[in-house]
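Let's take a walk through this structure together, starting with a single chain and ending with the way two chains meet. Have the model open as you read.

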Protein chains: 2
Amino acid sequence: MKLERVVALSGGVGGGRFLDGLARELPSAALTAIVNTGDDFEHLGLYVCPDLDTVMYTLAAVGDELRGWGLAGETFAAMAMLRQYGGPDWFHLGDRDLATHLLRTAELRRGESLSAITTRLCGALGIAVRVLPMTDAPCRTLVETVDEGTLTFQDWLVRRGARPAVRGIRWDARPPPAEGVLEAIGAADLVLIAPSNPYVSIDPILGLDGVRAALAAKPVVAVSPIVHGRAVKGPLATMIPALAGVAPSAAAIARHYGALLRGIVVERGDERQIEGVAVYATDTVMRSRADRQRLARETLAFAAELLG
Amino acid sequence: MKLERVVALSGGVGGGRFLDGLARELPSAALTAIVNTGDDFEHLGLYVCPDLDTVMYTLAAVGDELRGWGLAGETFAAMAMLRQYGGPDWFHLGDRDLATHLLRTAELRRGESLSAITTRLCGALGIAVRVLPMTDAPCRTLVETVDEGTLTFQDWLVRRGARPAVRGIRWDARPPPAEGVLEAIGAADLVLIAPSNPYVSIDPILGLDGVRAALAAKPVVAVSPIVHGRAVKGPLATMIPALAGVAPSAAAIARHYGALLRGIVVERGDERQIEGVAVYATDTVMRSRADRQRLARETLAFAAELLG
């Protein structure tokens, strides 16, 4: 089957890289990225969207590939001065990155929607594929910890270094998706779930009003973010035992998405114990741009075969 | 007479340099600077205080001496990115300078007063003398132009390059001075008016409730910002004919302050036509740090002699 409209649900680093592979493999009009905004937060009066920024910078090929966040060749003069003032320095704000936050925040205050602003920023960065924030409304991911009560996501992840043990994830709201999200899913031949953290990157999207219902009618294929029992990046490997009571594995990811999935792409050797869903095994770790494109190509081919 | 408490009213560049000379000449506990905030404005959601920033950076010896604004060795990576996004780039925001604006804005939004924030920023920069914003309340300087209606000050000065012809200056409010301002004037042995623009840097301070009355009881000595008919920096030389109907001169400055003044320090050769006030002539252009300190020393000696 020829895939003419593909939607991909994505978090930050792994998601951005997979989207970049898809964008290189598909005509730009064929791909819509729906990006988690549950991590968004206000910091120093700036509205910061970590996943959207990582996706934008990655798709524009201006992101820092090694660090996984921010811009390549970034400078941190503002942070150094902020530190001299004794200001909060736990969240790193690069100098060029600040322009993104400043402009976005000013436009939000003027009453523009996050999706309209995202479209404009992407345009200025030369990004051809469509990038939609999952919602234009606030929807904060909250981490319920064992010992420190409820923390906002960035507070838990960055300020506290993901150390406080997790016992639950919830959201402070259940807003409607951004304009275009349900339409994009409705029009899609295929929905992909990027190799992002299911709990804090994909579940926020799935939890929006109407998204699960829209996806139920669509073939959905996920790429596992767990490789040989470990997360490529981030705190997922410790979250799976804490939240699902099982060891981290591709099978745990498949089980988490359950009946939503038609197929899953996993690292070669991670196929065991995955039941009730088609499995495709390959090299899933994206070290280079070529890796991203190959993984995207293989995932699309696997999905096309599933769809007959 | 020994001067134990000196208050200086100041705008930005010339004022900051004169304050720096005073700070080098007087014990730090002896000097209080009261700084114009009529130029303050919101830009990209940031609360920017051009005169306070210039004074702080100059007193901390981290200011850019050649440019007259911002920090020495400043970088402009955020501005470059802002330009790439098509954002507003008419007001230059340096990367380290952004930290000042971000922190100040965040603290104002939390309900802190501008004077408390200024005290903390000055402390972090190692500034020993007391720096007070003239008021903690909004008090915008508005420029009434001949052809373009009323413009806010930064809009007129920076965005429009001070080109629209001026027919009046007014303020959108007449708030009380910041806590400490009237007390500092009341306790002063001497009040100095720095070589700043009388219309847009000093008049905003004089216009605050109670300031003129407090000054009436004090010996006030000004330093002329006009040197041989020209302003050392800024649009003053064109404002004097437009607003006072006379050629720019030290005498026009003396006349502007009128009965407020006990004495005026002018450039050698600029003494003529100054009436009803003691005059001291010297080299007033502050090219080096040594110039600042010498001008401060001579001004203090002139004032001390006047006070007997």
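Of the 308 residues in chain A, 52% count as buried in this predicted model. The overall dimensions tell a matching story: a compact globule with 308 residues would have a radius of gyration near 19 Å, and chain A has 18 Å, so the two agree. If you like to think in boxes, the C-alpha atoms of chain A fill one of roughly 60 × 45 × 35 Å along the principal axes.

What is this chain built from? Its secondary structure comes to 12 helices and 14 strands in chain A. Look next at how the chain folds back on itself: among contacts in chain A between residues at least 6 apart in sequence, 66% join residues at least 24 apart.

Now bring in the second chain. Chain B is superposed on chain A by a rotation of 180° with 0.0 Å of shift along the axis, at an RMSD of 0.0 Å. The two copies are therefore related as by a two-fold rotation axis. To find that axis in chain B, look for B:Asp95, whose C-alpha is the nearest to the axis at 3.0 Å. Both copies use the same surface, as 100% of the contact residues of chain B recur in chain A.

How many residues take part in the contact? There are 23 from chain B and 23 from chain A. On the chain B side, the elements giving two or more residues are helix 3 (77-84), helix 4 (95-109) and helix 5 (114-124). Helix 4 of chain B provides the largest share, with 9 residues. By class, this side of chain B has 14 nonpolar, 6 polar and 3 charged residues.

Note on methods. Residues are numbered from 1 along each chain as its sequence is written. Chains are lettered from A and ligands numbered from 1 in the order in which they are written. This is a predicted model: local features need pLDDT of at least 70, side-chain atom pairs count only at pLDDT 80 or more; totals for chains, interfaces and linings use all residues. Copies are superposed by least squares on the C-alpha atoms of residues with pLDDT of at least 70 in both. Two residues are in contact if their C-beta atoms, placed from the backbone, lie within 7 Å. Helices (H or I, at least four residues) and strands (E, at least two) are DSSP runs, numbered from the N terminus. Ala, Val, Leu, Ile, Met, Phe, Trp, Tyr, Cys and Pro count as nonpolar, Asp, Glu, Lys and Arg as charged, and the others, Gly among them, as polar. The radius of gyration is taken over C-alpha atoms; the globule rule is 2.2 Å times the number of residues to the power 0.38. A residue is buried if 20 or more other C-beta atoms lie within 10 Å of its own, exposed if 12 or fewer, and partly exposed in between; C-beta atoms are placed from the backbone.
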